Amino acid sequence: MTGEDAEASRRNEDECFRYFRDKVAACVDAGVPVTSRTETARVLCAGVHGAVSLLIHQDRDAWPPDRDRYVGRAASSAVRGALLTASHTSGPSLVDVTQSG
């Protein structure tokens with residue numbers, strides 16, 4: 001991946017990461033405990049990237065008819081997961097996850 005397209009892709013990637021990092025910072029400002037803003041933004045990016053990658057690379061027939069619902073659930077899951085684990089140095093236990101309702 002070289003050339004003009006790769007550079008444009010890198011700029012978009014940087015802009016998306018800054019967006020997520022800014023949103024994590026807003027959560028911190030609102031009182032959400034976050035050990036590392038950068039790491040939490042990376043975890044969030046990884047979750048969203050996976051969902052987008054599936055949409056891009058799988059046949060349309062493999063997806064449920066309501067893709068907007070899928071996108072909303074995938075984004076919500078990524079956010080909740082990233083923020084749930086943001087203040088844990090070793091990660092939450094299964095009990096922590098199931099009781100956070």
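Let's start with threonine 40, which is found in helix H2, residues 37-57. Keep in mind that this is a predicted model.

Is threonine 40 buried or exposed? Its relative accessibility is 5%, so threonine 40 counts as buried. The cut-off for buried is under 20%. What does its side chain reach? The backbone oxygen of serine 36, at 2.8 Å. Then the contacts. Leaving out residues up to four places away in sequence, threonine 40 touches Val24, Val34, Ala82, Leu83 and Ala86.

Next, the largest pocket. Its volume is about 350 Å³. Which helices each supply at least two residues of the lining? Helix H1, residues 4-29, and H2. H2 gives the most, with seven residues. By class, the lining divides into six nonpolar, five polar and one charged. Among the lining residues are Ser9, Asn12, Glu13, Phe20, His49 and His57. Cys16 and Cys45 line this pocket too.

That brings me to the cysteines.

Cysteine 16 has 44% relative accessibility, so cysteine 16 counts as partly exposed. Cysteine 45 is at 19%, so cysteine 45 counts as buried. Again, the cut-off is under 20%.

How values were computed
Residues numbered from 1 in each chain as written. Predicted model: local features only at pLDDT ≥ 70, side-chain atom pairs only at ≥ 80, totals over all residues. Heavy atoms only, no water. Helix = DSSP H or I, 4+ residues; strand = E, 2+ residues; numbered from the N terminus. Buried < 20%, exposed > 50% of the residue type's maximum accessible area, 1.4 Å probe, protein only. Polar contact = N/O pair within 3.5 Å; in protein donor to acceptor, adjacent residues only side chain to side chain. Contact = heavy atoms within 4.5 Å. 1 Å grid on protein atoms, 1.4 Å probe; cavity = no way out; pocket = protein on both sides within 12 Å on 5 of 7 lines; lining within 4 Å. Points joined across faces, edges and corners; volume = space filled by probe spheres on them. Nonpolar A, V, L, I, M, F, W, Y, C, P; charged D, E, K, R; others polar.
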